[in-house]
Amino acid sequence: MKPNFSLRLRVFNLNCWGIPYLSKRRGDRMKRLGDFLNMESFDLALLQEVWSEQDFQYLRQKLLPTYPSAHYFRSGIIGSGLCVFSKHPIQEFTQHVYTLNGYPYMIHHGDWFCGKAVGLLVLHLGGLVLNAYVTHLHAEYNRQKDIYLAHRVVQAWELAHFIHHTSKKADVVLLCGDLNLHPKDLGCRLLKEWTGLQDAYLETRDFKGSEEGCTMVPENCYVNRKELHPFSCGIRIDYVLYKAVSGFCISCKTLKTTTGLDPHSGSPLSDHEALMATLCVRHSPPQHNPSSTHGPAENSPLVVVLREALTELDQAVAQAHWWATFAGYTIGLGLLLLAVLCTLAAGGGVREVAILLWTPSVGLLLGAGAVYTFHMQEAKGLCKARAELQHVLGRAREAQDLGPESQPALILGHQEGSRAEDE
C-alpha cells in the first residue's frame, strides 16, 4: 500500500418501505429509486425493507449497467428485506440471522416472520479490504411501553459481536441500516462502545438535510404524524457508521439526507429519508496513543453500558421464565381437562358435552404448548446474550484495572475506530 493512498467512497442508505400490497405507491417509488441510483452512481447502495424479491430483481436489472454486483439476503418466512448494489466486485458475502426477533403471536407487527438479520459484504478496493454491513433491527412501535426493548438490545449486541468477529482482517468497516434506535438508546450506545464505530452525522463537517439529521420526519407524506408527536423534528433511526483500523484514517466529508421529498420529482422515495455519505479513507502513519486517564473501572463508558444492558436482560429473562411457567401450568390444566373429558365421554352420561368441549381443550393445550416452547427459546437466547455480556464486562473491568498499556485486544475493539483528522 502506497504511503499516499487515498480513497473516496460514496454510500447510499435507505429503508425502502417495500411491503407488498400495503406500502403506498411501491412500484412507482421503486422505479424512481432505480432512476436516482443510476443517475448518482454511488459506490454502494445499501437498502432495507425490499420485502419482495421481485422488486429486487427489478432493481437488479435496472441498475446492472451502473452497479454490476448485487446481492439479496434471504432469511425467515418473508425475508430479511436486505439487499445491496455495488459498483465494485463483491469478493465474499454472508449473513447472521438474529436469535430473537419479536413474538410470533404479534402477527400485526410481523417482525418475527421477517427473519431480521445483518448482511456482510467484503470488497477489495485498490488493495484496501472493506467490510460493509447492512442491517434492520426490530421496530419499536410504542416507546412508552416497549415490549421489544430487550430483543432489540440483544440484536444490537449480536450485531456488534458479529462485526467484531468478522472484521479482524478488514481495513475499513462500514455499517448502514435502520437500527430502529435513537442515538442515545441503550442498544445504540452498546453497539458504538463495543465496536468503536463512528457516527457519520456526528463526525461530518458538511451536513445538508433534515433538522438534527432525522430520518423519519413529519414533512414526509407517508409518515404517520401521530407516531412522531413527541418529536417535533422527527426521529433519527437510520445510520451510516464507520471505522478504520490502525494505519488508516477515515472521515466523512459530506453527509446528506432527503427532507421528506425526492430531490428531483418532489415525491418521497419512502417513509424514511435516504442517507448519502461521502467517506474519505487515507493512509495514516502509526501513532503512539498516550495513556489516558480512564478513571474508575465502574465509570468507564463501556462498563456503564454493559451494566445497563445486563439489567435490561435480567428483567427480560425473568419475564420470559414467568411466561414459560404460566404456559406450563396451562398445559397441565389442559391435560387434566382432557383426561376428565375422556372419562366423561367413556361413561356416556354427558358424552355430548364432553365431545363439545374436546376441540377447545385441544386448542388450549396446543396454544399453551406453543407459548411454552417459544418463551423457553426466548429465555435461552436472552441467557446466551447475558452470559456473553457478563464475560465482556469482567474483561473490561480487568482491562481497566490493569491500565491501558495492558488492555487485551478484545477490549480494545471498541477503541479501534480512527478519529477523523483535520483536513
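Five rings gather into one aromatic cluster here: Tyr103, Tyr105, Tyr141, Tyr148 and Phe374. Keep in mind that this is a predicted model.

**The tryptophan pair**
- Tryptophan 157 and tryptophan 194 have ring centres 5.8 Å apart, and with their planes at 40 degrees the pair counts as tilted.
- Tryptophan 157 belongs to helix α4 (residues 149-166), while tryptophan 194 belongs to helix α5 (residues 186-195).
- The pair therefore ties together parts that are 37 residues apart in sequence.
- Tryptophan 157 has a relative accessibility of 0%, so it counts as buried.
- Tryptophan 194 is buried too, because its relative accessible area is 0% and the cut-off for buried is under 20%.

**The tyrosine–phenylalanine pair**
- Tyrosine 201 has a relative accessible area of 24%, which makes it partly exposed.
- Phenylalanine 207 comes out at 27% relative accessibility, so this residue is partly exposed as well.
- Both values fall in the partly exposed band because that class runs between the buried limit of 20% and the exposed limit of 50%.

**A charge over a ring**
- Arginine 29 lies over the face of tyrosine 222.
- The distance from arginine 29 to the ring centre of tyrosine 222 is 5.4 Å.

Note on methods:
Residues numbered from 1 in each chain as written. Predicted model: local features only at pLDDT ≥ 70, side-chain atom pairs only at ≥ 80, totals over all residues. Heavy atoms only, no water. Phe/Tyr/Trp six-rings, centres within 6.5 Å; stacked < 30°, edge-to-face > 60°. Helix = DSSP H or I, 4+ residues; strand = E, 2+ residues; numbered from the N terminus. Buried < 20%, exposed > 50% of the residue type's maximum accessible area, 1.4 Å probe, protein only. Lys NZ or Arg CZ within 6 Å of the ring centre and 35° of its normal.
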